[in-house]
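Dear colleague,

Please find below the structure that I am handing over to you.

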Amino acid sequence: MALLLREADVEQLLTMPTTIELVERVHREYSTGKAIDVPRERTRVPKAGLHILQGAVPSAGVFGYKAYTSSKEGVRFLVYAFNAERGNLEAIVEADRLGMMRTGAAGGVAAKWLARPDAKVVGIFGSGWQAEGQIEALAHVRKLERVKVWSRTAEKLARFCERMRARLSLDIVPAASPEDAVKGSDIVVTITTSATPVFAGEALAKGTHVNAAGSNSLLRQEIDEATVRKADVVVVDSRPSALKEAGDLLPVLEKGRLHVGGLTELGEVIAGTRPGRTSAEQTTLFESQGMAIQDLIIAAELLKLARSRGMGSEVKIGE
């Protein structure tokens, strides 16, 4: 019997501290050869797309895949977690919230290892669902004093800031402009679906850390070449994924202004096999594509928590 976990179950069971801990652990394991991740594959038809990420986390006893569809009706996410020894399906997890939490956690882990220890002001581009996780994770790893949010829709932006202020008890305010979001910010986050850069890299001050989390497709580019070239350290979650789909980095790589050998994996920084930030003056960049192993290690933890609390619904699969 597999356990089906609905979005409401995930919301009750999953906290940001746990998510950050699991994401940090799995990145270390991946970059030290103890976890397997296969970059996203996409199947497109005229009105929809299917996107699949797969991998294995032996330390958590899990392997499997995340599948999601996108169409005009929206996006639907599911994680299928199998027992890594017996091969049986153990959990099916509705993964909209899970995905938001793990994407935010990846940004939080990156900031923990790459942002200056005294970072306290954040500028964030995007006021959607995913932006919530980014802010919550950053608030967990740094003592934030102010968050400036830029979005093109003023009403939506105002509602987002009001909601997040109440939820996190932080000074979260609308930015007056893209330039205002960047100016004076110690950490800059992009979490949009933009096909063109959302700010000018020339505006970045030395010592800034950038989390670029929205460009997981060749069709998207949130940061410009100036931002990439300003970065003293360019960190990715996975080199294979970045070389396949990092719309922010591939144009610069193709021009020879950035080289594959210059890409450091987040897990390598965590494991200490390659350096991250080495001085307060350095500008650092984390380019996030998303990895199946993030979803899988979280699904394995959710399965344990759900079984211990009697949550979820049993589903009979096969004989």
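A pocket, as the word is used here, is an open set of grid points with protein on both sides within 12 Å along at least five of seven lines. Please note that the model is predicted.

I begin with the second largest pocket, which has a volume of about 180 Å³. Its lining consists of 15 residues, and those nearest the centre are Ala60, Gly61, Ala300, Glu301 and Lys304. Two or more lining residues come from each of α2 (16-31), β5 and α11 (292-309). Of these elements, α11 gives the most to the lining of the second largest pocket, namely five residues. Sorted by class, this lining holds eight nonpolar, three polar and four charged residues.

I turn now to the largest pocket, which holds about 1,100 Å³ of space. Its lining is made up of 41 residues, with Gln130, Thr192, Thr193, Gly214 and Arg220 lying nearest its centre. The elements that supply two or more residues to this lining are β2 (36-45), β4 (62-71), β5 (74-83), α3 (96-114) and α4 (129-141). The largest share, five residues, belongs to α3. By class, the lining of the largest pocket comprises 19 polar, 13 nonpolar and nine charged residues.

One element deserves a second look when you open the model. The strand β5 gives two or more residues to the lining of the largest pocket, and β5 likewise gives two or more to the lining of the second largest pocket.

With kind regards

Methods: Residues are numbered from 1 along each chain as its sequence is written. This is a predicted model: local features need pLDDT of at least 70, side-chain atom pairs count only at pLDDT 80 or more; totals for chains, interfaces and linings use all residues. Side-chain values use heavy atoms; hydrogens and water are left out. On a 1 Å grid over the protein atoms alone, a cavity is a set of points where a 1.4 Å probe fits but cannot get out, and a pocket is an open set with protein on both sides within 12 Å along at least five of seven lines; lining residues have an atom within 4 Å of a point. Grid points are joined across faces, edges and corners, and a volume is the space filled by probe spheres set on the points. Helices (H or I, at least four residues) and strands (E, at least two) are DSSP runs, numbered from the N terminus. Ala, Val, Leu, Ile, Met, Phe, Trp, Tyr, Cys and Pro count as nonpolar, Asp, Glu, Lys and Arg as charged, and the others, Gly among them, as polar.
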